[in-house]
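Hi everyone, thanks for coming.

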Amino acid sequence: MTILVTGGAGYIGSHTCVELLSGGYDVAVVDNYYNSVPAVLDRVEKITGKTLKRYDCDIRDRGGLERVFSENKIDAVIHFAGLKAVGESTKLPLLYYENNISGSVVLFEVMEKYDCKKIVFSSSATVYGNNPIPYKEDMVTGDVSSPYGRTKHFIEQILGDIYKSDNGWSISLLRYFNPIGAHESGLIGEDPNGIPNNLMPYISRVAIGKLPQLTVFGGDYDTKDGTCIRDYIHVVDLAKAHLCAVAKILDTTGIEAYNIGNGVGYSVLDIIRAFEKASGKKLNYVIGDRREGDLPAFYADATKANKELNWHAEYDIEKMCADSWNFQKNNPDGIK
Ligand code: NAD
Ligand code: WQD
């Protein structure tokens, strides 16, 4: 059984490749290394002792994708490839629409041409926008605050239309909450270019001394300690959810969305404390202004994924922080 993983050299993609290879699947990866490096895939092979097929290819490159499908019998696709920086997307919306939406359309067209109609798509909790918490899959989505979020919403809609036009498709929309942590080997983890936008890589770089100080965005929210609440999920738990989703789509047709989160909300200060405990380091931080576009609190109702995908998150925030720190400590200059 061969799974095509787009964006497989990225943070979540690489952890998913590890689980797929360990689970006995053959894996082909398509990545243009815009936000990753090929060495990540060497490390995936080192962890698993297995090899995967690599294609240095952009998903907007139809000819390149056709080569992948003609050289392999692809049974299903896990589609991670995309740009994900929320702030950047407000400055460069066309880049996000072109890369994420146009790229996805090319991928879906090539899948159709090669009669591969099974896909797991990386969506995001961001599609829920300002809904009451916890978020549930049957809520109205699309009230999003950034072009990035809109690309996720639009791609979900496109996949919905594809299914309506052809009930032979089998589509799983995984709405991730806040992935953090790393593989416990310390070989792969989150390794963003430049100054991180997200909380955990920022904290890790302060702890290792690469950045001077963390600014907590807002201390006056109506939450238990004034800082924002999020549903953090260990990236290995998230990777495993993809295997559950693949098993399901290989067996069925239809389109379903699933929340992939722990169902527990932690504040920014909770994360700082847990990280300090896991790393034994005191974090230098200040409480600053709110960040535009941040919602005060959201977390998942993951009951549907628990029941229908038979998926359950295993790891707590202590383990998430310990593994993030282990990765940072072992790779102070990132993956080269
Ligand atoms: P990442 O940037 O680490 O991985 C994405 C990978 O896709 C990178 O290796 C990048 O080089 C590749 N890529 C980007 N555009 C491409 C293109 N046109 N052709 C081929 N490859 C391309 O990001 P991640 O954190 O692993 O996220 C994976 C997916 O999950 C993304 O679609 C992201 O939007 C989604 N997601 C991420 C989060 C998060 O917090 N990390 C949350 C929700 C959803
Ligand atoms: C987490 C919390 C910040 C950095 C984003 C996307 C979402 C999804 C996950 C892709 C927030 C606070 C952060 C810092 C801070 N990605 N923070 N200081 O914003 O919840 O979600 O990533 O789909 O769509 O919007 O994640 O890690 O940026 O922030 O205080 O330097 O940490 O305010 O409360 P976010 P994050």
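Let's start with ligand 2: it has 18 residues around it, and Ser124, Tyr148, Phe217, Arg230 and Asp294 come nearest. Being near here is having a heavy atom within 4 Å of the molecule. Before I go on, this is a predicted model, where local features need pLDDT of at least 70 and side-chain atom pairs count only at pLDDT 80 or more, while totals for chains, interfaces and linings use all residues. Residues are numbered from 1 along each chain as its sequence is written, chains are lettered from A and ligands numbered from 1 in the order in which they are written, and side-chain values use heavy atoms, with hydrogens and water left out.

What kinds of residues make up the shell around ligand 2? We get nine nonpolar, six polar and three charged.

Now look at the N and O atoms. An oxygen of ligand 2 sits 3.0 Å from an N or O atom in the Asn178 side chain. Thr215 has a polar backbone atom 2.8 Å from a nitrogen of ligand 2, and for Phe217 a polar backbone atom is 2.8 Å from an oxygen of ligand 2. On its own, ligand 2 exposes 680 Å², and the protein buries 88% of that. Accessible areas come from the Shrake-Rupley method with a 1.4 Å probe, and for residues only the protein chains shown count as cover.

Next, salt bridges. Side chains of opposite charge can pair when their charged atoms come close. The rule is a side-chain nitrogen of Lys or Arg within 4 Å of a carboxyl oxygen of Asp or Glu, and by that rule we count 26.

Take Asp191 and Arg205, whose side chains meet in a salt bridge at 3.9 Å, N to O. This pair links distant parts of the chain, 14 residues apart: Asp191 is in the loop between β7 (178–180) and α7 (199–207), and Arg205 is in helix α7. Is Arg205 buried or exposed? Arg205 is buried, at 15% relative accessible area, while Asp191 is partly exposed at 24%. Buried means under 20%, exposed over 50%, and partly exposed in between (1.4 Å probe, protein chains only).

Another one joins Asp323 to Lys319, with the closest N and O atoms 3.1 Å apart. Both are in helix α11 (residues 317–330), and they are four residues apart, so about one helical turn separates them. Asp323 is buried, at 6% relative accessibility, and Lys319 is partly exposed at 22%. Elsewhere, Asp42, Glu45 and Arg54 are joined into one network by salt bridges that share partners. Asp42 lies in helix α2, residues 39–48.

That's my tour, so over to you for questions!

Notes:
Helix = DSSP H or I, 4+ residues; strand = E, 2+ residues; numbered from the N terminus. Polar contact = N/O pair within 3.5 Å; in protein donor to acceptor, adjacent residues only side chain to side chain. Nonpolar A, V, L, I, M, F, W, Y, C, P; charged D, E, K, R; others polar.
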